[in-house]
Amino acid sequence: MTTAATSILRGGEWLLQESDADTVFTPERLTDEHRLIGRTAQEFVDNEVLPVLDKLEQKDWDLARKLVQRGGSLGLLGVDVPEAYGGVGLDKVTSLVVSEKLARSASFGAAFGAQANLTIVPLMLFGTEAQKQKYLPKLMSGELIGAYGLSETGSGSDALGARTKATKQADGSYLLNGEKMWITNGGFADLFVIFAKVDGELFTAFLVERGFGVKSGKEEHKMGLHGSSTTALIFQDVKVPAENVLGEVGKGHKVAFNVLNFARFKLGAMCGGGAEGAIAEAAKYAATRRQFNTAIASFGAIKHKIGEMVVKTYATESLLYRTAGLVDARVEATPHEPTDGSAALNAFEEYAVEASIAKVFGSEALNYVLDENIQIHGGNGFVKDYPAERHYRDARVNRIFEGTNEINRLLIPGMLARRAVKGDLPLIPAAKALQDELLSPPAAPATDDGVLAEERRAIAAFKKVALMVLGLAMQRFGAKLTDEQEVLMHAADILMDVFAAESAVLRAEAATTNKAAKAPLHVDAARVFVNDAALRIDASARQALAATVDGDTLRTMLAALRRLIKVTPVNTVIMRRRLADETVARGAYPFA
Ligand SMILES: Cc1cc2nc3c(=O)[nH]c(=O)nc-3n(C[C@H](O)[C@H](O)[C@H](O)COP(=O)(O)OP(=O)(O)OC[C@H]3O[C@@H](n4cnc5c(N)ncnc54)[C@H](O)[C@@H]3O)c2cc1C
């Protein structure tokens with residue numbers, strides 16, 4: 001509790017100011033304690049989960065239960081829970097490390113996540129003392145299996161449109177009636193966080209024990225995640241005592257949205273971990289598979305793929321660890337009792353934009369990696385003898401759950417615009433100042449001959465483009481901006497690239513300053529990312545601007561865009577080759 005909260009970058013502030021590489025958390029700054037728990041999680045998955053994955057895929061839920069219990073006995077379920085409740089009360093960087101390692105078995109990762117992130121976290125953040133004492137220890141040991149019931153047939157993205165009803169009884173209890181859909185752990189969970197409307201109106205969260213009368217529907221036949229239970233939940237006059245309301249009646253949206261902020265960030269971490277694992281598979285396969293008397297790893301086309309897999313994963317990890325560092329710094333700077341979850345709650349609300357970016361960017365990076373992993377495996381990628389096809393199927397849902405990527409894309413610029421209008425983020429004055437700057441003659445660029453100076457300059461320009469697009473859209477559409485989803489999607493893509501590019505460059509700068517062994521490879525990864533981000537940002541900005549303004553204003557803005565995005569291409573071929581060669585030589589993601 002040493003740093004003042006005001007000195008820590010606030011959510012979205014990276015768009016308006018530069019950051020110093022010294023202040024940014026990176027994977028290279030993990031402590032021995034972080035690495036130790038990471039090793040514990042990895043060994044658990046490698047030695048105890050992966051060998052029994054086939055049984056899990058055959059829906060052996062007793063085995064799933066035992067594995068959750070084993071994870072509990074290793075302390076992995078209690079990383080977010082204070083010691084007073086039997087947890088290990090570690091920082092959010094640790095949560096990220098554990099999520100990354102569990103991703104190596106996506107099905108089990110989903111079961112584990114429903115327990116740790118979607119049941120334990122809401123109870124920790126919103127539960128009464130009595131609720132915590134009653135349920136937390138049993139959830140952390142795995143004696144109770146948890147699940148989270150928000151979605152319904154008619155309300156997925158529109159979660160607050162739930163039709164499940166909670167009717168208040170004379171004795172203060174509630175009768176639940178309705179049906180939830182696609183609930184992870186639905187087939188065998190014992191305790192459910194369920195959202196229902198009290199008297200059909202007040203959206204409220206409840207802690208519902210299976211013994212109260214919850215029935216599960218049949219297992220869904222899914223594209224992937226076959227080793228994770230997904231069912232409907234049926235409530236017919238299920239009586240829930242008054243003391244099992246979670247949070248306040250009518251405030252269920254607070255539980256739902258805050259849990260999602262946290263879960264999105266962790267999903268991003270799972271995606272980063274999944275990508276690392278797939279890169280190792282691709283590298284090992286490419287080193288041994290020979291065609292034309294040559295290992296396919298030596299073909300430029302394959303090097304390009306492996307290099308790009310590494311670049312996207314590097315950017316994903318960089319933005320994730322940066323966000324985790326911000327959340328931890330903010331929690332630490334907020335005076336609070338160790339048992340008080342409100343500091344973490346506020347921190348996750350503060351970094352909700354970054355959590356959405358982690359989810360969308362991470363899930364799309366993983367999709368790219370897994371698709372190319374199949375391609376590198378050729379025909380073997382398409383058959384079940386190799387895990388590449390399973391990873392691909394398992395990962396597809398990451399773009400759908402925890403808020404679809406469309407909903408999260410809308411949230412990214414939407415939340416920034418709302419904060420700007422409220423005066424919480426000085427985006428509007430910054431956009432106005434930028435308009436004046438763009439109408440004046442260009443200033444001479446600052447001289448900087450650091451190793452990533454060009455990239456730094458490019459990122460400053462990317463931020464201006466983001467401000468130009470978002471500021472102009474806010475000015476042009478005002479309160480109706482929410483109706484302009486295509487413009488918002490382009491703005492989201494630009495914002496994600498800005499945050500990812502800056503996070504990657506800051507990490508590479510830190511590696512260079514600290515003379516890390518692989519510093520030159522860090523620089524390669526960051527430079528390739530920035531190079532390609534410039535092309536994407538230019539394309540998105542042109543489309544967004546043309547949908548926002550026309551005539552002379554459009555021409556002026558396009559001229560300003562050309563002036564800003566003057567990025568000289570770098571030789572990405574050489575850089576991706578170096579990254580790919582190192583990956584193949586190690587048989588693993590080079591920055592692990
Ligand atoms: C394997 C699996 C596990 C799951 N686990 C859980 C769980 O444990 N608990 C739980 O509560 N739920 C769970 N879900 C449900 C999941 O959260 C929802 O599927 C998800 O939120 C999307 O809702 P939907 O399927 O109704 O899609 P819809 O909301 O119908 O969306 C369909 C399409 O329309 C788009 N769309 C919707 N609204 C808008 C809008 N306003 N603007 C623009 N585009 C829009 C979406 O992006 C999407 O592309 C799970 C789902 C799966 C597949």
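For sorting residues here, Ala, Val, Leu, Ile, Met, Phe, Trp, Tyr, Cys and Pro go down as nonpolar, Asp, Glu, Lys and Arg as charged, and the others, Gly among them, as polar. What you're looking at is a predicted model, where local features need pLDDT of at least 70 and side-chain atom pairs count only at pLDDT 80 or more, while totals for chains, interfaces and linings use all residues. Residues are numbered from 1 along each chain as its sequence is written, and side-chain values use heavy atoms, with hydrogens and water left out.

**Around the ligand**

- There are 18 residues around the ligand, and Tyr148, Ser151, Ser157, Thr404 and Glu406 come nearest (near means that a heavy atom of the residue lies within 4 Å of the molecule).
- By class, this shell has 9 nonpolar, 7 polar and 2 charged residues.
- Ser151 has a side-chain N or O atom 2.7 Å from a nitrogen atom of the ligand, and Ser157 has a polar side-chain atom 2.6 Å from a ligand oxygen.
- On its own the ligand exposes 980 Å², and the protein buries 67% of that (areas are from the Shrake-Rupley method with a 1.4 Å probe).
- Strand S1 (146–149), strand S3 (174–184) and helix H12 (405–422) each give two or more residues to the shell (helices, H or I with at least four residues, and strands, E with at least two, are DSSP runs numbered from the N terminus).

**The second largest pocket**

- This pocket has a volume of about 940 Å³ (a pocket is an open set of points on a 1 Å grid over the protein atoms alone, with protein on both sides within 12 Å along at least five of seven lines; a volume is the space filled by probe spheres set on the points, which are joined across faces, edges and corners).
- Its lining has 31 residues, with Glu437, Arg457, Ala460, Ala461 and Lys464 nearest the centre (lining residues have an atom within 4 Å of a point).
- Helix H13 (427–439), helix H14 (453–477) and helix H17 (551–564) are the elements that give two or more residues to that lining, and H14 gives the most, with 10.
- The lining splits into 19 nonpolar, 1 polar and 11 charged residues.

**Cavities**

- The whole structure holds 2 cavities of 30 Å³ or more (in a cavity, a 1.4 Å probe fits but cannot get out).
- The largest cavity has about 60 Å³ of space, and among the residues lining it are Leu76, Asp80, Phe112 and Lys266.
- Helix H4 (92–102) and H5 each give two or more residues to the lining of the largest cavity, which divides into 6 nonpolar, 3 polar and 2 charged residues.
- The second largest cavity, about 30 Å³, is lined by Ala431, Gln435, Leu467, Met468, Gly471 and Leu472.
- H14 supplies the largest share of the lining of the second largest cavity, 4 residues, and by class that lining has 4 nonpolar, 2 polar and no charged residues.

**Aromatic pairs**

- The count comes to 14 aromatic pairs (rings of Phe, Tyr and Trp, the last by its six-membered ring, pair if their centres lie within 6.5 Å; planes under 30 degrees apart are stacked, over 60 edge-to-face and the rest tilted).
- One of them is Phe44 with Phe108, an edge-to-face pair at 5.8 Å centre to centre and 75° between the planes.
- That pair links distant parts of the chain, 64 residues apart: Phe44 sits in helix H1 (residues 32–49) and Phe108 in helix H5 (residues 106–126).

Methods: Polar contact = N/O pair within 3.5 Å; in protein donor to acceptor, adjacent residues only side chain to side chain.
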